[in-house]
Amino acid sequence: MFFLLQEENQEKEKYPKAVFFILGNEFCERFCYYGMRTILTIYLTEELLYNDSSATVIFHSFVMLSYFTPLFGALLADSWLGKFK
């Protein structure tokens, strides 16, 4: 009972405005990535006329680069461009 009264008396914490921009950006980024990933092999085989094995290699290269480039960006930012060198 005491916990319920204490929770009612506390004010709601307000989030900074940047939180909503970060969440919106993450949603759009994931929507773009998964949408691109879904149709990439179809586009490569139907429109660009790649064979199945080449389309598979390109698809896996795209997925690998999608996961690798943030690590490369973090390394670049922390070692050469960072505030604390």
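**Helices, a pocket and a salt bridge**

Biologist: In which helix is the place of S66?
Modeller: This is a predicted model, so local features need pLDDT of at least 70 and side-chain atom pairs count only at pLDDT 80 or more, while totals for chains, interfaces and linings use all residues. Residues are numbered from 1 along each chain as its sequence is written, and side-chain values use heavy atoms, leaving out hydrogens and water. Helices here are DSSP runs of H or I with at least four residues, strands are E runs of at least two, and both are numbered from the N terminus. On that count, S66 sits in helix α3.

Biologist: Thanks! What pattern does the protein chain follow along the sequence?
Modeller: The protein chain has three helices and zero strands. Read along the sequence, the pattern is therefore α-α-α.

Biologist: Is S66 buried, partly exposed or exposed?
Modeller: Buried means under 20% relative accessible area, exposed means over 50%, and partly exposed lies in between (1.4 Å probe, protein chains only). S66 has 26% relative accessibility, so S66 counts as partly exposed.

Biologist: How far apart are the C-alpha atoms of S66 and Y33?
Modeller: Along the chain, S66 and Y33 are 33 residues apart.

Biologist: Which helix gives the most to the lining of the largest pocket?
Modeller: A pocket is an open set of points on a 1 Å grid over the protein atoms alone, where a 1.4 Å probe fits, with protein on both sides within 12 Å along at least five of seven lines; lining residues have an atom within 4 Å of a point. S66 and Y33 are among the lining residues of the largest pocket. Helices α2 (17-46) and α3 (52-81) each supply at least two lining residues. With six residues, the helix that gives the most is α2.

Biologist: Which residue forms a salt bridge with E26?
Modeller: Side chains of opposite charge can pair when their charged atoms come close. A salt bridge here is a side-chain nitrogen of Lys or Arg within 4 Å of a carboxyl oxygen of Asp or Glu, and the structure holds one. The closest N and O atoms of this pair are 3.9 Å apart, and the partner of E26 is R30.

Biologist: Where do E26 and R30 sit relative to each other in the helix?
Modeller: Both residues also line the largest pocket. Because E26 and R30 are four residues apart in helix α2, their separation is about one helical turn.
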